[in-house]
Structure formats: C-alpha cells, structure tokens
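Subject: Handover of a structure and findings

Dear colleague,

Please find the structure below, together with its sequence. The findings follow directly after it.

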Amino acid sequence: MGQLFGTDGIRGEANRYPMDAETAFAVGQAVTFLFRTPGHRARIIIGKDTRLSGDMLACAIAAGVTSMGGDALLADVLPTPGVAFLTLSMRADAGIMISASHNPFADNGIKLFAGSGFKLSDEEEAAIETHLLAKDLPASVAAPTDMGRALRLEDAVGRYSVFLKSAFPRHLSLEGLKIVVDTANGAAWRVAPETLRELGAQVEVLHAAPDGRNINAACGSQHPEDLQAAVRASGAHLGLAFDGDADRLIAVDETGGLLTGDHILLICARHLKREGRLAANRVVTTVMSNLGFFIAARREGLECHTSAVGDRYVLEDMRRLGALLGGEQSGHMIFLQHHTTGDGLLTALQLSAAMLASDRPLSELARIMDIYPQMLLNVEVARKPALETVPAIAQAIREVEAELGDEGRVVVRYSGTQNLCRVMVEGPSARSTDRACRRIAEVIHVALT
C-alpha cells in the first residue's frame, strides 16, 4: 500500500484530502494519462454510489479525464461490479467507481479498474500515485482542440442487469420465490429489485430510498436486523442484504437466520462441485473465515486455500491457482467464470440457483457448517506500526494463543481502508473467546492511541 492507495483504492472523509475535488480531478488526469496512447482517445467509465459527495467527485474526475484528452462515460449510480462489467464489455480503457463501500455516508472512495475488468495492478496504482503526489500532470494536458467529452450512459443499469440475468442458469426460474431485498439505500437500489423481478421473483424491498445521507445507515449487509424481521413477518423464502456499493452479500434464510459469507461460499462450492463445475474442487478464502468453515470444507472434499484479507488478494490467489470460486466471510464472493470482481447481486443469483437445484430451504443448506464462537473487535488506532514490533501487543497475542492451544486461533490485522486494528479470536466457548479478544483489544488501545 502507498500513501494514498489502500487495499481497495483511495478512501477518506468527503471534501477533505484526499477525497476532495482537487485530488479527484488529478485522479481523472492520471488514469487518462496512464492509458492514453498516440492517436487513441482514452475512454473512462465513471460510476458512483448514492453518497452526497458522489456528484462532486464524479464531476471532478470527469473534468480531469476530459482535460487530458479522454472521454468520460458517466454511468451515474451503479454497483461497483457494474462498473467493472461495463469497463470490460464496452472495451473502455479504465473504470472508476466512487464509493466507500460499507463505510458511513460522510466517507467516500475511488476504486480503479483496468480495461480487463480487473482492479489495477499494484504497479499501475503506484504510477498513478506518483503523479498525484508529484502534481506534474498539468504539463501534459491536451491542447484546446484535443480535449475530451463527458457523455452520459443512459442504459448502464440495463446493460448490467442483462449481464446478471445471463449468468443465471437458463433451466431455472425464480418464479414462486418470495425474496426480501435490503439495498442499503445504496448503488443497488434500482438494479437489484428490477433484476430479481425480471427473473420471476416476488420481491419486497427495504431501504431503497437514497437521499445522499442514508446509505448504510442501520441497514444493509452491516445491519441486517430489519431484513431478518421482514423475512419472518412476510414468510419469504430468503432475504438478501447488500452493502453501499453492492459488491458484497449477506443472506437470511426463511426462519430469519443469518448466513455469512462463509455459509454462502460453502453452499455455492458444494453445488458447483456436484455439477462438476468447480475447477479442481478448489476454493479460496481468507484467514478471517470461521474455524467451522475449514472443517466443513474438508468434509465436503473441497481443497481450501487461505489468502490474505481483502478481495484483491483472494482474486490474486484464485488466478494463480486456477480457482473459479473464492470469497470472504464479509460477503465478498468472486465467481471467476462469470465476473472479474466481487459482485453481491451475482452472488445472490448463484445462491438462489443452488437453493433451487437442491430443492431444499436455505435453512437446511446453512447446516453445512457449524459456527465456532468468534469475537471480532475493531480498535481505533492513531498509527499502524508492524504489530510484532510492539512488545506489549506481541506478548498479549502469544499468551492468548498459548491459552487456546488447538481449540482456537487469533487473527490481528489492520484495516486496509480505515484507521482500525481488527482483533478476531475463536475459541471453545463464547465466554473465553470474548474475554481473550477484549484482552488483546485493550492492549492495542493503550499502545496505539
């Protein structure tokens, strides 16, 4: 990670550096400069979620693109995976998504995709960051006669919806299914209900009235309580909760029970394996997956590879290992045979397909794994030194690991997008797990704040 780029692009408080108009303008310039070639006018897709600051940042990025001689193709409100899809399908040179994902509305972020639909490489991000910090791009702007245009993509949502429907098995239908959808007042507020209805589902929609400030507010994948209650009250077959940019999914079964990304990954992996469509019976997950996931994966005959936390690392390992399915406990799922990035709506359709093919309710499918007691605490930190270099923290982790032995594990890491240290402990009982997690978190709080 560099000074500006974290594990998922650039992120910060809106209208404050680096999420200000000046930096956004420079990002538009830098991306266009990186991908323009003599005689070729770079074409850059720009999408956003529903945050109030999205308009400012989109306009600034588009101005940067056009000042450098590129064409800015404005997709308006669209999920992050929709921007990745359009970038590839329209043969654009790059895609830029303006979103802070599951963060509060006051934050925003910039995610970048190459023309392949995959996120930019570390080297490409480093090249862009170098220009942003050096502020050397004004010398390379286009001549007045060579400036670009900003063009609105009126059919962006429709294009993305057609792609999603094409990934759903043709021999299956959602007819007869009642689905409750929580769009988190975010980027999927239109496309999610429309796509599900067009595939035949009866859809009840929650939190689909974005006002610029209510994205992720007590709703969506981070707060599924309303969804759970609505599923129970309506007798729905399942519930689907997205985050602000709809690149992740959390599901709810017909009883109101919560399914994490671990459940979804296992259910989809078993389904694909039984149909002979899971390459080498291999899945990729992260160290944050529950201990029960790894036990269930072995029982199902799945080869499980563990990557670093972050969907970009999951994807890197998937491509290196030839895996077609990977994901995170948080709900990021990558179906590489269909898409280049995590996609909450695509995941919802694949989960629905697995449920329909099994002819069993989602609550039964969720029994594929037992959940071991797990405690996760986020500790605000003022700095991020290597954890092993802070004696008090290193000692606390060693002591807890020794106490847990083979009956649990500890994962402590910094967030790649926020000033947080995440402490995750699994253990034999809820009480011992909670106590151990809080013990480490308190030491981190004292040492790093």
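Arg270 has a relative accessibility of 11%, and because anything under 20% is classed as buried, this residue counts as buried. Arg270 lies in helix H8, which covers residues 261-274. Apart from neighbours within four places in sequence, Arg270 is in contact with Glu300, Arg360, Leu365 and Ile368. Please note that the model is a predicted one.

Thr260 may be set beside this residue. Thr260 belongs to the loop between S12 and H8. With a relative accessible area of 22%, Thr260 is partly exposed. Residues up to four places away in sequence aside, Thr260 touches Ile250 and Gln329. Between Thr260 and Val314 there are 54 residues in sequence, and their C-alpha atoms are 17 Å apart in space.

The chain as a whole

The protein chain holds 14 helices and 19 strands. Its radius of gyration is 22 Å, close to the 22 Å that the globule rule gives for 449 residues, so the chain is as compact as a globular protein of that length. Along the principal axes, the C-alpha atoms fill a box of roughly 70 × 60 × 40 Å.

Of the 449 residues, 59% count as buried. The accessible surface of the chain comes to about 18,000 Å², and carbon and sulfur atoms account for 51% of that area. When contacts between residues at least 6 apart in sequence are considered, 70% of them join residues at least 24 apart. The chain carries 44 positive and 54 negative charges, and the mean positions of these two groups are 2 Å apart.

The seven-stranded sheet

An open sheet of seven strands runs in the order S1-S2-S6-S5-S3-S4-S7, and its pairing is mixed. Strand S1 (5-6) and strand S7 (150-152) stand at the edges with a single partner strand each, so one side of each is left without a neighbour in the sheet. S1 pairs with strand S2 (residues 9-13) in the antiparallel sense over two bridges. Within this pair, Phe5 has Ile10 of S2 as its bridge partner.

Which residues of S5 lie on each of its faces? Ala94, Ile96 and Ile98 are on one side, Gly95 and Met97 are on the other, and all are buried. S5 is thus mostly covered, with five of its five residues buried.

Helix H3

Helix H3 (residues 80-89) is mostly covered, with eight of its 10 residues buried. These are Thr80, Pro81, Gly82, Val83, Ala84, Phe85, Leu86 and Thr87. What do the buried residues of H3 pack against? They pack against strand S3 (43-48), strand S4 (71-77), strand S5 (94-98), strand S6 (107-114) and helix H5 (156-166). Just after H3, Arg91 takes a positive phi of about 55 degrees.

Strand S10 (residues 238-242) pairs with S11 in the antiparallel sense over four bridges. In this pair, Ala241 has Ile250 of S11 as its bridge partner. Six residues lie between the strands in the hairpin of S10 and S11, where Ala246 takes a positive phi near 60 degrees.

S11 is also joined by two bridges to strand S12 (residues 258-259), and these two strands run antiparallel. Here Val252 stands opposite Leu258 in S12. The hairpin of S11 and S12 has five residues between the strands, and Gly256 takes a positive phi near 95 degrees in it.

Ile250 therefore links several of these findings, because contact here means heavy atoms within 4.5 Å: Ile250 is touched by Thr260 and is the bridge partner of Ala241.

Yours sincerely

Notes:
Residues are numbered from 1 along each chain as its sequence is written. This is a predicted model: local features need pLDDT of at least 70, side-chain atom pairs count only at pLDDT 80 or more; totals for chains, interfaces and linings use all residues. Side-chain values use heavy atoms; hydrogens and water are left out. The radius of gyration is taken over C-alpha atoms; the globule rule is 2.2 Å times the number of residues to the power 0.38. Buried means under 20% relative accessible area, exposed over 50%, partly exposed in between (1.4 Å probe, protein chains only). Accessible areas come from the Shrake-Rupley method with a 1.4 Å probe; for residues, only the protein chains shown count as cover. Lys and Arg count as positive and Asp and Glu as negative; His and the chain ends are not counted. The place of a charge is taken as NZ of Lys, CZ of Arg, CG of Asp or CD of Glu. Two strands pair if DSSP finds at least two bridges between them.
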